[in-house]
Amino acid sequence: RRSGLHVSVGLYGGKWPLSLPLLPLRNLILQGSYVGSLDELTELRARIADLEDLLATPTRITGTVREETEEIKERYGDDRRTEIIEGELEQVRREDLIPHQEVVVTLSERGYIKRVASQTFRTQHRGGRGVTGMPTRDEDSVRQLLVCDTHDTLLFFTNRGRVWTKRCFELPAESSRTARGIHLQNVTGALDEKERVTTVIAADDLSEGDYLVFATRLGGAKRTPLKNFTSIRSNGIKAMKLKDGDELVSVVTADDGADVILVTEKGKAIRFETTKLTSHSRTAGGVRGIKLLNDDHVVGAEIVKPEKQLFVITENGYGKRTPSESYPTKGRAGQGVITLKAGSRLTGLVVGIAVVDPEQELMLISKNGVVNRTTLKEIRAVGRSTQGVIVMRLESGDKVAALAAFDKSEKPDAT
């Protein structure tokens, strides 16, 4: 039916009349648009008929479900992740619900502690400035840095020779690397007035090593069976008797017959067999490990391992690694040999040591809470009597506080 320049047509059996301009309609017909719509309608009717037949035929429904299930299995199927263990149901412990994770534990001079995932700190090149890892306030500074697993057992040793223990997952977990953490008193309540934690060690099993080797600030040393520390009261126990004016600075686990090396803040080192230290009871004092000169003090002790290297870092960020073979085995109570030309205005005093492998990573933290993570490969191996290279660049007035060496993580670094 014509009406001026318009035409009315009936679609779908005349049920829905449609009025279209005459000329555009002619163009649509020439372009085949209505033909395409009719083809789509035909396909839709065929689809409806097929689905109605499917709903009316139970055998087709079962077959279709089977085909789609097999398709999902081929596309998304993988090995079962849940482990099925036959046996009686045992009591679920808290640690069974906590995943294993590599974390960084930091402790400040005033006793604020926290743990964050190690992937929070990305790897940088040697000589980088790092990122803020623990903000400090009120003249507080970072003292300890430890990389461990959430299931490790931590032993906290104080300057007065006491020790108490905590599982790593019992420490407060922080989602941000810039969080301050909480005070140790809120975790254990075991610290006395003017007592502070000077060293922290981690072990996944306290029965793995044979002994604990202690080193004091004034050069003392002691060896005690590790089994004496498998049961520790919540308020701590006595770990070593100290002389007046002395304090505990380092504790390491050692197997029977291993060599220990003591390093001083002015760059002297002495290596001797741990068997030179008579095994003492837990509450006994120690003997002289190194003879100190010129108002020097011990900063740390490490167990020497074959084909490993000794890494030394100074307060101004200079460090180096030296093969263990460069340190001759001597008797205890000697003056030691030079391990790094320290004490100058450029390098500053030695503040930390670690026995390392070139394939490991290194994490440093400054007193102002700045963390630098790098690879040990970027720090060349040199002789004992050199001053090393710049490992971490520090802001004016800042100093390196602690270090930790650990195996490379298989997970990608955070940015």
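Two strands are said to pair if DSSP finds at least two bridges between them. Strands themselves (E, at least two residues) and helices (H or I, at least four) are DSSP runs, numbered from the N terminus.

Colleagues, the structure above is a predicted model, in which local features need pLDDT of at least 70, side-chain atom pairs count only at pLDDT 80 or more, and totals for chains, interfaces and linings use all residues. Residues are numbered from 1 along each chain as its sequence is written, and side-chain values use heavy atoms, with hydrogens and water left out.

Four strands form an open sheet in the order 15-12-13-18, with antiparallel pairing. Strand 15 (248-254) and strand 18 (287-288) are the edges; each has a single partner strand, so one side of each lacks a neighbour in the sheet.

I turn now to two loop residues. Asp295 belongs to the loop between strand 18 and strand 19 (298-304). Although Asp295 is not a glycine, its phi is positive, about 55°. How accessible is Asp295? Its relative accessibility is 62%, which counts as exposed; the term means over 50% relative accessible area, buried means under 20%, and partly exposed lies in between (1.4 Å probe, protein chains only).

Ala333, in the loop between strand 21 (318-323) and strand 22 (337-338), is another residue other than glycine with a positive phi, near 75°. With a relative accessible area of 28%, Ala333 is partly exposed.
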